[in-house]
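Student: I would like to go through this complex by question and answer. Please start with the terms.

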Amino acid sequence: MSAQPHSVTHHAEAPKSFIRRYVFSTDHKVIGIQYLLLALAAVTIGMVLSWLFRAHLAWPHLIIPGFGGLMRPEQYLALVTMHGTIMVFFVLTVAPQSGFGNYFLPIQIGADDMAFPTLNMLSFWITLVAFLVLVAAFFTPGGAPINGWTSYPTLSAVGSVSGPGQGMGETLWVVSIALFCLASLLTALNFISTTIEMRAPGMSLMRMPLTVWGWFVTAVLGLLAFGVLLAAGILLLLDRLAMTSFFVPAGLVFNDTQPPLMHAGGSPLLWEHLFWFFGHPEVYIAILPAMGITSHILSNFSRKPIFGYKAMAYSLCAIGFLSFTVWGHHMFVSGMSPYSALAFSFLTLIIGVPSAIKTFNWLGTLWGGKIQFTTPMLFAIGFVSLFVTGGLSGLFLAQPAIDLPLHDTYFVIAHFHIVMAVAAIFGIFGGLYYWFPKMFGRRMNETLGKTHFWLTFIGAYLIFMPMHWMGIMGALRRYASPGGLGFVARMDPIDIFITVAAFVTGAAQLLFYFNFFWSIRHGEKVEENPWHATTLEWSVPSPPPHGNFVAAPHVYRGPYEYSVPGYTEDYLPQHLTPEQVAQSAEAGT
Amino acid sequence: MNHTEAEAQPIADITWAGGPSPLAVNKKKLGMWLFLLSDSITFSCLLIGYSYVRLASPDWPRPFEFYPAIVKATLMTVILLTSSLTMVLGVHAAHKGERSRAVKYILFTMLGGVLFDVIHISEWINLIIHEHVTPFHNPWGSPLLGGAFFGLTGLHMLHVTIGVIYLGVIAWGFGTKRFAAEDVEVSGLYWHFVDLVWMFIFPLVYLINVAPK
């Protein structure tokens with residue numbers, strides 16, 4: 001090879017003091033774990049919130065402690081809003097991208113750290129502050145905001161005349177999201193620079209693990225999308241604090257009260273456009289890293305190269321590109337021209353093509369493989385199942401004629417929870433079980449893991465499949481007490497069924513919490529490559545030392561060289577030199 | 001990768017050797033470009049939002065008289081463009097290794113930024129105190145004029161101010177040999193971007209809102 005100077009420069013020493021090493025650390029691995037712990041705290045809060053409002057939906061007369069009697073509609077809406085915001089931003093965006101991406105992207109491309117370590121630390125701390133600001137909304141006088149995670153004006157723009165949580169609580173919501181945007185922009189910029197600049201010799205783009213492709217495309221989406229939400233947030237903040245009216249037309253009346261008369265001339269549609277121009281890429285920001293993780297795990301435990309590597313990488317890029325062209329499909333009922341709706345519908349259906357390429361390639365990877373049903377493998381297969389199920393209901397919603405009656409019903413809730421939320425969570429679980437040995441040097445318990453998988457997998461379908469029927473029958477979302485309507489009242493048994501399923505599935509997560517925290521100290525110890533995997537993260541000690549690599553790595557082949565004919569082992573790591581491979585083959589024969 | 005070296009190797013071994021190629025941009029510069037890309041999207045959204053409410057308002061006011069508003073804005077444009085020129089000269093000097101000359105030009109650039117801010121603030125004060133324009137009210141028509149004007153120019157002014165501080169750090173660091181010429185160039189990218197944003201704000205906020213004769 002040419003004597004190109006190699007960009008890996010090893011940090012002299014890991015910092016000694018506890019604070020610099022574990023709290024204000026610039027080491028990408030520590031930051032990755034910090035993000036994962038933040039997401040774990042967030043997902044716990046989000047799940048408890050969902051239990052509370054599910055309990056209210058199933059048993060409207062149940063008195064839950066802490067609500068001052070029966071749950072009031074605004075309390076219900078506050079729970080839904082905070083559940084959505086916490087889950088979308090601080091779980092689905094934080095864990096797969098900022099968490100796993102931070103930990104494993106540099107190692108998988110053979111770098112010693114991210115391109116901008118200090119910026120990386122800054123991103124985490126801004127994200128944490130954003131989370132605390134959001135949670136603080138619960139403790140303001142009016143309580144948390146009540147307009148859903150999409151924060152549609154005019155309700156969100158006029159202050160507390162539109163509801164008790166719309167005063168200070170909503171202001172904190174906007175501030176939190178603006179901070180989150182800033183942190184995500186910095187993270188995205190860091191990921192892109194790292195992927196482009198810091199790859200080890202031999203790590204060409206087409207030799208990158210598909211996880212890296214997932215994180216890279218996601219970072220590009222983040223870079224282009226969060227700036228839009230930031231702009232929208234600035235305008236909304238101006239509307240709220242400086243009494244401008246970008247999103248507020250004149251002459252509105254809320255709860256028999258007029259907002260201050262200064263408001264005139266704006267349009268809530270402007271927010272819908274800005275929000276969904278961010279919002280649609282955002283759902284891919286949640287799912288693309290999970291797609292990468294799934295590809296990685298499926299290939300590993302099928303003991304086969306990934307089927308159609310290039311098609312997998314290009315389809316990630318295609319999905320990323322298309323995600324910026326379809327925001328209007330969230331706005332079919334906004335009164336848009338039917339011709340615009342036709343265009344948005346067509347573009348949305350096109351996303352089915354790269355999605356199908358990915359699905360068939362996952363199946364092709366499994367086909368004829370020597371499949372090992374480990375816990376991460378089960379979660380990866382579960383991801384494919386959920387992605388197909390949720391994707392198919394997406395084809396319904398992509399068509400304006402079907403979307404008009406289904407809009408804002410439980411059908412939509414079922415669709416996006418399966419395809420975006422639960423599928424992405426399965427990607428996160430798969431990644432956690434898969435990389436846990438690398439992060440902590442020990443393995444999580446397999447029996448507990450598999451039990452956790454089956455309970456979660458079946459539970460997720462039990463929760464969300466019935467919601468499709470409810471949606472088709474006309475049950476509307478965001479209603480605290482829909483039971484007054486006769487046709488909705490007949491669905492009460494389904495509501496109770498879903499709530500019970502949610503409690504059981506939630507309780508099953510205790511298995512995971514126990515397994516996770518117990519295994520950190522007491523799990524079975526493993527050597528550095530327990531899954532017999534090929535990529536660079538498995539060539540370093542577990543957990544990897546500061547600076548990751550003892551000797552600067554060099555990459556000689558693609559990431560998924562499993563079961564190579566003529567080679568003794570059934571996996572051929574990326575970093576083995578051709579001489580080592582030849583020697584090993586001779587020794588074998 | 002060296003071309004002749006590559007030719008000497010067997011085909012299978014010709015891969016990119018890692019490190020700074022193939023895009024040959026250092027990572028700070030790439031990071032700045034990416035930041036500017038996302039920042040340009042934020043400004044685009046604000047400008048699009050402003051254009052949207054302007055088109056949607058039947059009573060959009062056109063309040064800016066030739067003097068003082070347009071004259072001042074033109075002067076600010078000239079100052080900002082000139083500061084971009086001094087920035088180019090500073091980057092050029094930095095690359096040639098002439099540290100004191102580079103620092104001098106960066107200081108000129110900062111002076112331009114400060115002058116811009118001073119004139120801009122005087123204009124804000126004039127609008128607020130004498131014309132009674134607030135973000136939610138103005139004497140002429142649609143209340144959104146104030147919100148759009150203060151929002152857009154305020155965010156831009158914030159960028160100029162941060163830029164002046166950033167350039168100050170760069171000038172100090174380059175003068176004391178803590179920073180390389182590359183760092184000066186990266187700060188130049190930021191400054192030109194701030195200048196470029198103004199090139200959109202000047203026509204879209206000022207020139208199309210000139211008071212009709």
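Tutor: A residue is buried if 20 or more other C-beta atoms lie within 10 Å of its own. The model discussed here is predicted.

Student: What share of the residues of chain B count as buried?
Tutor: The elements of chain B run α-α-α-α-α-α from the N terminus on, with six helices and zero strands. Chain B has 213 residues. By the cut-off of 20 or more C-beta atoms within 10 Å, the share that counts as buried is 35%.

Student: Over which residues of chain B is the pLDDT below 50?
Tutor: Chain B averages a pLDDT of 87, and 89% of the residues score at least 70. One stretch falls below 50, and beyond near neighbours in sequence it has 11 contacts in the model. That stretch is residues 1–14.

Student: How far does helix H10 of chain A reach from its first C-alpha to its last?
Tutor: H10(A) covers residues 352–366, which is 15 residues. At 1.5 Å a residue, 21 Å is expected, and the model comes close to this. The reach is 21 Å.

Student: Why are the buried residues of H10(A) on the same side, and what arc do they cover?
Tutor: The buried residues are A:Pro354, A:Ser355, A:Lys358, A:Asn361, A:Trp362 and A:Thr365. They lie on the same side of H10(A) because the arc they cover around the axis is only 130°.

Notes
Residues numbered from 1 in each chain as written. Chains lettered and ligands numbered in written order. Predicted model: local features only at pLDDT ≥ 70, side-chain atom pairs only at ≥ 80, totals over all residues. pLDDT = per-residue confidence, 0-100. Contact = placed C-beta atoms within 7 Å. Helix = DSSP H or I, 4+ residues; strand = E, 2+ residues; numbered from the N terminus. Expected span 1.5 Å × (residues − 1). Buried ≥ 20, exposed ≤ 12 C-beta atoms within 10 Å, placed from the backbone. Arc of directions from axis to C-beta.
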